[in-house]
Amino acid sequence: MGEKKLYKLMGADGKEYFSETPGTFGGNSRMKIYGRLDCLSALSAIRRFPGSYEKFRVFFADEKTALAAGFRPCGNCLREKYKEYMADPQKYQKKFGL
């Protein structure tokens with residue numbers, strides 16, 4: 001049996017930890033934005049700035065953790081969530097028990 005693959009995720013406290021389960025959201029720690037793993041904006045930035053964008057790339061187990069760590073939804077891949085968040089961030093966070 002081989003070793004299990006570990007994924008580096010960011011917790012609600014903003015600290016990184018390793019998990020056997022991959023993250024469901026990706027983010028940018030510089031811009032404090034999270035989005036889907038197939039976000040065209042993030043994938044485009046990775047292609048345009050190879051090796052640079054990845055330094056700030058983080059992953060989250062779920063949306064609640066991303067919000068708790070101080071990140072906001074992406075305005076591109078999570079457009080409706082972004083609009084709702086921007087209208088009232090505290091109300092949006094309360095939906096997740098934050």
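This report describes the fold, surface, cysteines and selected residues of a predicted protein model.

## Basis of the model

The structure is a predicted model, in which local features require pLDDT of at least 70 and side-chain atom pairs count only at pLDDT 80 or more, while totals for chains, interfaces and linings use all residues. Residues are numbered from 1 along each chain as its sequence is written, and side-chain values use heavy atoms, with hydrogens and water left out.

## Secondary structure and overall dimensions

Four helices and six strands are assigned in the protein chain. These elements are DSSP runs numbered from the N terminus, helices being H or I with at least four residues and strands being E with at least two. Read from the N terminus, their order is β-β-β-β-α-β-α-β-α-α. The protein chain has a radius of gyration of 14 Å, close to the 13 Å given by the globule rule for 98 residues, so it is as compact as a globular protein of that length. The radius is taken over C-alpha atoms, and the rule is 2.2 Å times the number of residues to the power 0.38.

Along the principal axes, the C-alpha atoms of the protein chain fill a box of roughly 50 × 35 × 20 Å. Of the contacts (heavy atoms within 4.5 Å) between residues at least 6 apart in sequence, 55% join residues at least 24 apart.

## Burial, surface and charge

Buried residues account for 33% of the 98 residues in the protein chain. Burial is defined as under 20% relative accessible area, exposed as over 50%, and partly exposed as in between, with a 1.4 Å probe and protein chains only. The protein chain exposes about 6,500 Å², of which carbon and sulfur atoms supply 54%. Accessible areas come from the Shrake-Rupley method with a 1.4 Å probe; for residues, only the protein chains shown count as cover.

The chain carries 19 positive and 11 negative charges, whose mean positions are 5 Å apart. Lys and Arg count as positive and Asp and Glu as negative, whereas His and the chain ends are not counted. Each charge is placed at NZ of Lys, CZ of Arg, CG of Asp or CD of Glu.

## Cysteines

A search of the whole structure finds zero disulfides, a disulfide being a pair of cysteine sulfur atoms within 2.5 Å. For Cys 74, the nearest cysteine sulfur belongs to Cys 39 and is 3.8 Å away. For Cys 77, the nearest cysteine sulfur is also that of Cys 39, 3.6 Å away. Cys 74 counts as buried at 9% relative accessibility, and Cys 77 counts as buried at 12%.

## Selected residues

The loop between β3 (25-28) and β4 (33-36) contains Lys 32, and Arg 30 is placed in the loop between β3 and β4. Most residues other than glycine have a negative phi. Lys 32 has a positive phi, near 60°, and is partly exposed at 36% relative accessibility. Arg 30 is exposed, with a relative accessible area of 60%. Its C-alpha atom lies 24 Å from that of Lys 94, which is 64 residues apart from Arg 30 in sequence.

Met 86 belongs to helix α3 (residues 79-87) and counts as partly exposed at 44% relative accessibility. The C-alpha atoms of Met 86 and Arg 72 are separated by 8.7 Å, the two residues being 14 apart along the chain.
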